[in-house]
Structure formats: C-alpha cells, structure tokens
Amino acid sequence: MSGAVVVRAPAKVNVHLGVGPLREDGFHALHTVYLAVSLHDTVMARPGEGLSLRMSGEGADGPGLVPADRTNLVWRAAELLAEHAGVRADADLEVAKSIPVAAGLAGGSADAAATLVALDALWDTRAGREDLLELAAQLGSDVPFSLVGGVALGTGRGEQVSPVLAAGRWHWVLGIAGEGLSTPAVYGELDRMRADGRVPDVTGPTPAEPVLAALRTGSTTELAAALANDLQPAALALRPDLRRALRAAEDAGARAALVSGSGPTVAALAADEESAVRLAAELAGAGVFRTVRAVSGPVPGARPVS
Ligand code: C5P
C-alpha cells in the first residue's frame, strides 16, 4: 500500500436535458449532454484501518448536510470498489468540497467518482475503465460522467455516457441559490406538470441534436440558442425566485441562462472569459445568489492531482 492519493473531480452543467416519461424502475429516460466545468471537489485517500471519512468546505459545515457516514456516496463508493476487488475497505478519506451540495452540479457524483479513482490507486485494484464505469453507474446516474468528464451524451437514465466532439471552451457563471433542491422532488414535479397539462407530455426524451451541432461549431451564439432543460419548469415551479435569478443573469449580459440539472444553480453562458468575470461581479452584487463562480469547460473527469 502506498501513501496518500489525491484526486479531483469536476462539477457539471447539462447543456441539454431531455427528460422522457417515468420508467418502471422509478427513473426517467434521458437524452442529456453533460459538460464538465472548472469547479472541483478533492478526495484524499490514505491508508487506514476500516473506513473513516471527513468532509470539509462548501456545504459540509451545516449540521447533517453531508453526512460523513455510510449513507454518504463516498462511503458507498469505497465499499463497492472493495467488494468488487475482493479487498478490505481500509482507508482514511477526506473530501474537500468546493461544489455546493444539492445544487444540480453533480457534487456528490464528483465525490463518488474521485473516490473510485483514488481507492483504485491506493488499493492497487487494477480495475479497468469499464469496471469503474459500471461501479459508477451503480452509485448514481451522473457518476459515470464524473469519471469521464469533458462533454458527453448521456442516455439510459444518464449513466450510459459517450464522448461528444466539442470545438470550443465556454465560459460560464454559476449562480448558486441559497438552499438546495432535491432531485427526486424536481422530477416528481415535472411528472405532475405533465400529467395535469401545465407542460406538454412526451413519449420520449427530446433529442440532443441541436446542442450537439452547436458544440461542434464551437460558437457561443449557437450554443446559447440550443441550451435546453426539461427540468427547468419544474425547478421554477418549486422555486419561483429562480425566475428572477434567470432574468438577472440575462439582464447582466449573459448570452443565455438556464437552470443547471435539477437546480437550483443558474448557469449563465458568457461571451468570453472577460465577460464572465464582469458577469460574475455584477451577479454577485445583484442580491439573488448566495455565491457566484466564474468557471469554464469542458475540463477532464476525475483524475489524480500531480
Ligand atoms: O441516480 P441518482 O441517484 O442520481 O438519482 C436520484 C433520483 O433522481 C432518483 O431516485 C430519481 O428519483 C431521480 N432520477 C430520475 N431519472 C433519472 C435520474 C434520476 O427520475 N434519469
């Protein structure tokens, strides 16, 4: 067994989130396009006796916000990999969070993916890429994407990922709203809105072609026009204040703004890096967000910090 292994994994925004009907297993069929952005959580794994876990940073200080116990996705990732590899789950794990919790940015998924990569190295399990992707899918729909990063099309319930060609790097401002939103609650609200006709019902997820074409061109204008999120009306129904947040982003000069994943983070697309810095400063003073972060992407998935 070697010394400490440090791995970081990125947050994501969904530049397309097409949600199909509810499946029998309780998940929705998706066509989504994930884009990994430069806001990272870090997992440090050291040799230990049994498992221990400490959380620090963004969202980790509120009582019970991120439980550092076996219900934590990090803990489950460690146990799953140990079982798969036939080794004892011995490790001392420390998660330093920058990605806010329950924000629609896949922070928990990033932590789980980083843990798989870190413990694969610490325990020398030599799990192949395919094995890690399969374990990741068992942990959560977004975890495989957190492993691969970049830009990827997600199908199935989002766990089947394939890389997508993207010819650019885009600058975003993430506006993080005060309180988190529960992902199942947002999906549930969408089901109700479809059932009572508040939004059109669907027979399958909206295809991602327009956003895929925009990503290939590298153009910010085309990407801005193609951004789509079926969960947005549901997130807005549960959190009407987000409407004001979206408007604030557009008024402040964003090329487009949308709710990230199940929310409540607002992802505002900026024209370029300089505009992103300006936009971030303006939105920080607008009084609608708890925090704002200027980020860019695509960036790579979970990988060791050298
Ligand atoms: O896979 P994950 O644990 O991230 O999913 C959390 C919850 O989000 C699920 O239990 C389900 O309620 C909802 N979900 C869904 N359809 C998906 C992904 C997630 O309904 N494709």
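Biologist: Where is the place of Pro 298?
Modeller: Pro 298 sits in the loop between β11 (291-297) and β12 (303-304). Strands here are DSSP runs of E with at least two residues, and helices are runs of H or I with at least four, both numbered from the N terminus. This is a predicted model, in which local features need pLDDT of at least 70, side-chain atom pairs count only at pLDDT 80 or more, and totals for chains, interfaces and linings use all residues. Residues are numbered from 1 along each chain as its sequence is written.

Biologist: What makes β9 and β10 a pair?
Modeller: Pairing requires that DSSP find at least two bridges between two strands. Four bridges join β9 (residues 256-259) to β10 (residues 266-270), so the two strands count as paired, and they run antiparallel. Ala 256 stands opposite Leu 269 in β10. The two strands form a hairpin with six residues between them, and Gly 261 in the turn has a positive phi of about 55 degrees.

Biologist: Why is Asp 124 called exposed?
Modeller: A residue is exposed if 12 or fewer other C-beta atoms, placed from the backbone, lie within 10 Å of its own, buried if 20 or more do, and partly exposed in between. Asp 124 has 12 such neighbours, so it counts as exposed. Asp 124 lies in the loop between α2 (107-122) and α3 (129-139), and its phi is near 50 degrees, a positive value in a residue other than glycine.

Biologist: What makes Arg 126 buried or exposed?
Modeller: Arg 126 has 9 C-beta neighbours inside 10 Å, so it is exposed. Arg 126 is placed in the loop between α2 and α3, with a positive phi of about 55 degrees although it is not a glycine.

Biologist: How do you know where the shell around the ligand lies?
Modeller: Domain 1 (5-164) and domain 2 (170-297) both give residues to the shell, so it lies between them. Those bounds come from an automatic or database domain assignment. The residues around the ligand include Phe 27, His 28, Asp 142, Arg 157 and Tyr 187. The largest share of the shell, three residues, comes from α5.

Conventions:
A residue is near a molecule or strand if its C-beta atom, placed from the backbone, lies within 6 Å of it.
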